[in-house]
Protein chains: 2
Amino acid sequence: MAEPISGSIPLSALNPQYLHANSTSHTWPFSAIAELIDNAYDPDVNAKQLWIDWKRINDVDCLTFMDNGAGMDNEKMHQMLSFGFSNKQGVGGHAAVGLYGNGFKSGSMRLGKDTIVFSKNQDGMTVGLLSQSYLQAIGARYVVVPIVTFKKDGEDKFSAMPEHSNSLKAILEHSLFGTVEAVLSEFKAIDDGSAAAGQSCSGTRIIIWNLRRSGDGQMEFDFETDKNDIQIPFNDCTDGREGTSARPKSVPPMQYSLRAYCSILYLRPWMQIIIRGAKVKTQLVSKSLAHTITDQYTPQFLKQSIRIIFGYNTKSKEQYGIMMYHKNRLIRAYQRVGCQLKANAMAVGVIGIIECDFLKPTHNKQDFDDTEEYRKIKYNLGVKLKEYWEEIRYKRKAENPNSTTEVKDIEKTPDQQWDSEYRSCRVPEEPEEPGQEQPYEKTFKKQEKKKKEQQKRNRQMISEDTEQSQSPFATPVKESGTRQSTRAGLRRT
Amino acid sequence: MAEPISGSIPLSALNPQYLHANSTSHTWPFSAIAELIDNAYDPDVNAKQLWIDWKRINDVDCLTFMDNGAGMDNEKMHQMLSFGFSNKQGVGGHAAVGLYGNGFKSGSMRLGKDTIVFSKNQDGMTVGLLSQSYLQAIGARYVVVPIVTFKKDGEDKFSAMPEHSNSLKAILEHSLFGTVEAVLSEFKAIDDGSAAAGQSCSGTRIIIWNLRRSGDGQMEFDFETDKNDIQIPFNDCTDGREGTSARPKSVPPMQYSLRAYCSILYLRPWMQIIIRGAKVKTQLVSKSLAHTITDQYTPQFLKQSIRIIFGYNTKSKEQYGIMMYHKNRLIRAYQRVGCQLKANAMAVGVIGIIECDFLKPTHNKQDFDDTEEYRKIKYNLGVKLKEYWEEIRYKRKAENPNSTTEVKDIEKTPDQQWDSEYRSCRVPEEPEEPGQEQPYEKTFKKQEKKKKEQQKRNRQMISEDTEQSQSPFATPVKESGTRQSTRAGLRRT
């Protein structure tokens, strides 16, 4: 039943049903797509470009992901089609996002039932199949993954390694590619992608089919509304009355437009993403804000300060909260903290940006593990947010004492005009050294502190007077011991 | 490298690191515990009792879960220590919660690094080890799971099957139980549990050690505050100033007290849960509400109506939202919908209860898959919630026209006094037939409809007058075509 390694101790096995079960952690389809983007982005692949497309192959709707990164050999392909084999490491300033060895499986199996992976490097070409339909058709009790490597057999001639003949048979029978020629032509596409980038021929091409459909047979993506985008259709809350209500203003475009999501997926861009033929224009969130300030916060458990940027969203005041990145990758978007969680209209319209490399993302990379560290960060982000919000209101009041307009209602222009055209995928726009800079001057906080001290002094003076006059306005002082020592201190001055 | 089945096609493999990766879907530790509770609850095990304890074994902190359900043989144990092998089916009115074949792995590996499972049924006794420390110690490249079955060898004498000797060696070396006697004594505990329930000797005992600790070495659970509970400590948002601030009122006890969570985990109780020696008192959420009404809703995609219960939370007006169950198991608690999501204080304090068997829970069973069906349900729950809220306010106004007190501020007494003592774990309190009953009479909605019709009639009458008198109060009618046909219609009557 199980492979006898370590004497006769059984292996933990994988049932085909697990492929679906594992994919259910992606409740939002872009979360699944992001896993495939991360794989191309990560330093072990280090693609310069990633093309995402919707194609029909043999009349079947497919999603395709093609990169011109390092490519895989047979062993790497087997690891990719297995679980938990991740040995990704950062290279220079380029940290690895992947850490669980699960993204490809959970991501691809969330988007469709079947996936085929073509990969090419200097040593050869390898194709692998992860297919629920195939496993179902052969009545597999365990997840088997046909993998075939082709080696050069003469000028421009490739042939499958003889020991992979059963895998080849399975792929030709159970994928969209019924002949060796059809399989080889997909490797040709990788060549073209590499050539376009002026690179040596390597890369990976993933094709997903039997794409998920909703209960009524509709595709889960809308490929029509924008021919250069992949969108999540808005028919979500009308119950049969499609088209009668519009998407609420509080829904940020990144939630339904893949193009918008990809534009902010990485804090500092390293790779160009091309969706349906059009380049994604990288957007630095911080450059789209008004009244931008930089604050910092030093968690006790870290002993190092973290930079927080706050500003007002100039695009929609209804989209606000903290954008939380982890090793350059967006994990939580519009996470409301502190006063934003309460029904008091405080800090509405304010966006925060923070990179939390010390937290651990969860299984689907859409949240952080619920640790004390995470809770502390959220709490303290709330404190910093309130300080920022009070500061901006205070300044506004100082500049224009009679204004009753809220900041969020008037700002339409970001502090910095940012040309959002893609510039360079290798050099981060602004090399940032967190902790090197000073947080902004908190005028309001200082004023409040001063006020309180003044009030305290006033109370003390009244209290001293009271001892002689018993003024009815005196603040009652309960701890007489404390008071006396204070008075003693005052007298000494 | 991989087991050659189906000719020579490789198996997808499991790396030991995957055990941790897979467990990260449980961001909240009670979500992991719930998986272990579900396993005992489900019809294939069908335990009458489940004991949850905190124990020190050989000076090591352990969480233990023991049930007196069906128990497992060697093959079932191997499935439990593998991934995706779920063939659970409902029995009678008792539906299976488990569906992914992953709960034990993701749950136990979230709580600690190592787990040992003792199980007993009429055929024998089997012990299995799922241990990250063991796999690390032997430098395993794949997840191996030592499993040993003991067979009766004479009166009260059991011996391990010879073919499991390597597994036995691994368990004695790498678990908390260093001798065969120590292992056998844990099966004895299962006997005692079964005997207490007057049942034949079967059941399962799970012991988890190397429990998770936070960055500063603290246990993630608080076993001290309440000796009969397992709590999540509150030091989450003070950043070093522990003890200075209190848990906010808006945090429901189920979020930090395992006892409170277990009391509402199942809509209809089937199994008794005993936490640290004290029985959990089942609480029917619906019985703790004031102004309770039953509404219903028929989703277009379902063609069957679903019951929704609404009422005011009498315990804390700051804890509100929809309690969403799936096949009797709580999935989403306090899910805010519709007007509760907006900063307008509408429907604050209102609780809803719904059972959505047609939705699909996600990987960690703490949310539903983000489908169109789920979005429609949430939208329509919002509509029904608003109707309820308006109805209650309308009734209140009718009864007491001068009152300005909000309903949420005054209700402290539930409609039904519910004796929360555990009664029977086999018979649901009220056999419910969704769709058999009528929704409540929506007086406010009817009044509003009547008002609108009256206004429409008034406008029409004014408009007719206007044609003769050109009254300045007439509502301007833009689409004259429409108007004329309306008038024609009126004249015909």
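Predicted model: local features only at pLDDT ≥ 70, side-chain atom pairs only at ≥ 80, totals over all residues.
How much area is buried between chain A and chain B, and what share of it do carbon and sulfur atoms give? The area buried between the two chains is about 6,500 Å². Carbon and sulfur atoms give 52% of that area.

**Stop 1: the interface.** Select the residues of chain A in contact with chain B. There are 77 of them, and they meet 76 residues of chain B. Now show the charged side chains. The rule finds 4 salt bridges across the interface of chain A and chain B.

**Stop 2: a salt bridge between the chains.** Select B:Glu75 and A:Arg141. Their side chains meet in a salt bridge, with N to O at 3.8 Å. Side chains of opposite charge can pair when their charged atoms come close.

**Stop 3: a salt bridge within chain A.** Over all chains, a search of the whole structure finds 47 salt bridges. Pick out A:Arg110 and A:Glu220. Here the N to O distance of the salt bridge is 2.9 Å. The pair links distant parts of the chain, 110 residues apart. A:Arg110 sits in helix α4 (residues 103-111) of chain A. A:Glu220 lies in the loop between β7 (203-211) and α8 (258-264) of chain A.

**Stop 4: α2 and α4 of chain A.**

Next, show the side chains of the contact. From α2(A), select A:Pro29, A:Ala32, A:Ile33, A:Glu35, A:Leu36 and A:Asn39. They meet residues of α4(A) that include A:Phe104, A:Ser106 and A:Leu111. A:Arg110, from the salt bridge with A:Glu220, is also one of the α4(A) residues in this contact. By class, the contact has 6 nonpolar, 5 polar and 2 charged residues.

**Stop 5: α2 and α4 of chain B.** Move to chain B. Select helix α2 (residues 29-41) and helix α4 (residues 103-111) of chain B. At what angle do their axes cross? They cross at roughly 140° and come within 8 Å. α2(B) and α4(B) are therefore oblique to each other. α2(B) passes α4(B) in a left-handed crossing.

Color the contact residues. On the α2(B) side they include B:Pro29, B:Ile33 and B:Leu36. Among those on the α4(B) side are B:Gly103, B:Gly107 and B:Arg110. The residues of this contact divide into 6 nonpolar, 5 polar and 2 charged.

Terms used:
Residues numbered from 1 in each chain as written. Chains lettered and ligands numbered in written order. Heavy atoms only, no water. Axes fitted to C-alpha atoms, helices over the stretch in contact; angles between N-to-C directions. Helix = DSSP H or I, 4+ residues; strand = E, 2+ residues; numbered from the N terminus. Parallel < 35°, antiparallel > 145°, perpendicular 65-115°, else oblique. Left-handed = near helix turned anticlockwise from the far one by under 90°. Contact = heavy atoms within 4.5 Å. Nonpolar A, V, L, I, M, F, W, Y, C, P; charged D, E, K, R; others polar. Buried area = accessible area lost by both parts, 1.4 Å probe.
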